[in-house]
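Have a look at it first, then read on.

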Amino acid sequence: MPAITCIDDLKALHRARAPKMFYDYAESGSYTEQTFRENCTDFARLRLRQKVAVDMSNRTLAGQMVGLPVSMPVGLAPVGLTGMQHADGEILAACAAADFGVPFCLSTMSICSIEDVAEHTTKPFMFQLYVMKDQDFLAAIIERAKAARCSALVLTLDLQILGQRHKDLKNGLSAPPKMTLPVMLDLATRWRWGLKMLQTKRRGFGNIVGHAKGVGDTRSLMSWTAEQFDERLDWDKIAAIRDMWGGKLILKGILDPEDARIAADFGADAIVVSNHGGRQLDGALSSIRMLPHIVRAVGDRVEIHMDSGIRSGQDVLKALAMGADAAWIGRAWLHGLGAMGQPGVTRALEIIRKELDTTMALCGERDVAALGRHNLLVPQGFETEYGA
């Protein structure tokens with residue numbers, strides 16, 4: 001086992017161990033992948049202010065996210081098909097997050113179901129909802145999340161229409177994978193993955209198959225999903241979902257100050273500044289560029305979280321310093337899962353925590369809550385280049 005010192009080390013192992021279609025699903029964006037790339041490169045444009053001769057002892061990263069205590073203000077973002085990166089992936093990730101003291105959010109498009117994760121974990125997790133046209137399914141899955149005592153509903157707003165991801169189409173992405181000759185040749189070199197998958201019964205979309213009307217297998221699932229994302233999702237429908245849920249609500253996919261103001265007026269417990277990791281509207285600005293505009297638009301009226309492009313503890317620090325209350329990581333923990341299973345997710349969190357803690361200290365801060373723009377050097381035009 002090579003020394004694992006950063007997320008890129010886990011990424012390399014993930015690429016070697018997971019089937020190509022599932023690695024590509026994780027590490028790709030829509031169309032030209034411009035937004036996917038700029039989510040990361042825009043973080044790299046921000047520089048840190050080094051401070052010396054300050055007391056760096058007794059540091060703390062602890063805080064809260066939507067009223068829940070966390071060991072650091074970082075959550076494991078919802079990712080679809082996680083159980084195809086590693087057998088029982090959602091369960092393993094939820095357990096790693098619970099042990100680490102950070103929130104885990106389960107995707108609607110997960111392989112392990114809500115009930116699977118609830119059965120194998122001892123701490124509440126969040127549930128991410130895609131709004132489907134099937135009202136019976138929508139009502140039922142919200143009730144299932146309630147029954148599992150999910151701590152918050154994360155409502156994704158930026159996937160009413162699916163952005164095209166070229167790699168998924170070329171790879172013939174499906175869960176479980178179709179046994180074509182190229183797929184079989186690829187799987188023959190991924191024996192660790194194959195052995196684990198043979199030991200689990202969870203190989204389809206557990207939240208949907210057997211729960212949605214007329215969806216009993218993978219073939220019927222694919223046709224159902226293609227037709228079900230609700231293109232008519234608007235603020236009235238969001239209000240109806242809020243009333244059905246009745247608990248803490250996080251609105252994910254906010255990338256415009258006007259939408260942020262509406263969400264704050266709406267009474268959301270938190271918003272997530274996000275472009276879906278560059279997987280939806282290619283050509284949109286990066287989340288870190290839009291974050292300060294949204295912070296100015298809503299102030300402290302709503303808790304502001306951020307995702308998309310975070311690959312290190314330094315990225316987390318930059319997001320917090322630019323005004324976010326918390327950050328969500330997706331690919332960073334997914335690389336850990338694909339590389340090593342639950343220990344890999346834990347290792348990803350350890351890397352993020354150590355980088356965040358060390359960087360915070362060298363910036364002269366002892367409490368993560370004290371981070372701000374004074375810790376950064378922001379290039380001219382970073383916020384105003386596009387007149388956002």
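## The largest pocket

Keep in mind that this is a predicted model. Helix α11 gives the largest share of the lining of the largest pocket, with 6 residues. That pocket has a volume of about 1100 Å³. It's lined by 50 residues, and the closest to its centre are Tyr 25, Leu 159, Leu 162, Arg 165 and Arg 279. Besides α11 (218-228), the elements that give two or more residues to the lining are α2 (20-26), α8 (166-171), β11 (326-329) and α16 (331-340).

## The nonpolar cores

The largest nonpolar core has 116 residues, and Leu 76, Leu 251 and Trp 333 touch the most other members. Helix α5 (residues 89-100) puts in the largest share, 8 residues. Leaving out residues up to four places away in sequence, Leu 76 touches Ala 93, Ala 97, Trp 328 and Trp 333, among others.

There's also a second, separate core of 13 residues, including Ala 152, Ala 270, Ala 326 and Trp 328.

## The cavities

A search of the whole structure turns up 3 cavities of 30 Å³ or more. The largest has a volume of about 50 Å³, and among the residues lining it are Lys 252, Asp 307 and Trp 328. Its lining has 6 nonpolar and 2 charged residues, with no polar ones.

The second largest cavity holds about 40 Å³ of space. Its lining includes Tyr 130, Leu 159, Phe 229 and Asp 230, and divides into 5 nonpolar, 2 polar and 1 charged.

Notes: Residues are numbered from 1 along each chain as its sequence is written. This is a predicted model: local features need pLDDT of at least 70, side-chain atom pairs count only at pLDDT 80 or more; totals for chains, interfaces and linings use all residues. Side-chain values use heavy atoms; hydrogens and water are left out. On a 1 Å grid over the protein atoms alone, a cavity is a set of points where a 1.4 Å probe fits but cannot get out, and a pocket is an open set with protein on both sides within 12 Å along at least five of seven lines; lining residues have an atom within 4 Å of a point. Grid points are joined across faces, edges and corners, and a volume is the space filled by probe spheres set on the points. Helices (H or I, at least four residues) and strands (E, at least two) are DSSP runs, numbered from the N terminus. A nonpolar core is a set of buried Ala, Val, Leu, Ile, Met, Phe, Trp, Tyr and Cys residues joined through side-chain atoms within 4.5 Å. Buried means under 20% relative accessible area, exposed over 50%, partly exposed in between (1.4 Å probe, protein chains only). Contact means heavy atoms within 4.5 Å. Ala, Val, Leu, Ile, Met, Phe, Trp, Tyr, Cys and Pro count as nonpolar, Asp, Glu, Lys and Arg as charged, and the others, Gly among them, as polar.
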